[in-house]
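I opened this notebook to record, entry by entry, what I looked up in one model. Each entry keeps to a single topic.

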Amino acid sequence: MSLADKKVAVLVGPGFEDSELLQPVDTLRNAGVSVTLIGLSEDDRRGVKGKRGAVVPVDALIGEVREEDFDALLIPG
């Protein structure tokens, strides 16, 4: 089964568990999935910091995306 045409939204909030975001996102991207990192506030455009120090830039804010544009939602812990 090919995942190349799938799109996954990933909700990224401050204090996310680094490995619970970074590892699944890498795995999805390596499988050919289009991943969109979604921030919660305007401040997230500068990057969202995880518990262990990773800083991740977001692709869009929650108010800029539509749920019907995605096949799945990932919410890291």
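**Entry 1: Glu17.** I began with Glu17, which is found in the loop between strand 1 and helix 1; helices (H or I, at least four residues) and strands (E, at least two) are DSSP runs, numbered from the N terminus. The model is a predicted one, in which local features need pLDDT of at least 70 and side-chain atom pairs count only at pLDDT 80 or more, while totals for chains, interfaces and linings use all residues. Residues are numbered from 1 along each chain as its sequence is written, and side-chain values use heavy atoms, with hydrogens and water left out.

Not counting residues up to four places away in sequence, Glu17 touches Lys51, Arg52 and Gly77, where contact means heavy atoms within 4.5 Å.

**Entry 2: Pro14.** I next looked up Pro14, which lies in the loop between strand 1 and helix 1. Pro14 is exposed, with a relative accessible area of 66%. With neighbours within four places in sequence left aside, I found Pro14 in contact with Val48 and Lys49. Pro57 is 43 residues away from Pro14 along the chain, and the C-alpha atoms of the two are separated by 12 Å.

**Entry 3: the core.** I looked for the largest nonpolar core, which has 14 residues. Such a core is a set of buried Ala, Val, Leu, Ile, Met, Phe, Trp, Tyr and Cys residues joined through side-chain atoms within 4.5 Å. Among the residues with the most contacts inside it are Val10, Phe16, Val25 and Leu37. Two or more residues come from each of strand 1 (7–11), helix 1 (18–30) and strand 2 (34–39). In soluble globular proteins, nonpolar side chains tend to be buried together.

Apart from neighbours within four places in sequence, its contacts include Val10, Leu21, Arg29, Val56 and Asp59.

**Entry 4: the chain.** I noted 1 helix and 6 strands, in the order β-α-β-β-β-β-β from the N terminus on. Of the 77 residues, 34% count as buried. Among contacts between residues at least 6 apart in sequence, 68% join residues at least 24 apart. Along the principal axes, the C-alpha atoms fill a box of roughly 35 × 25 × 15 Å.

How values were computed
Buried < 20%, exposed > 50% of the residue type's maximum accessible area, 1.4 Å probe, protein only.
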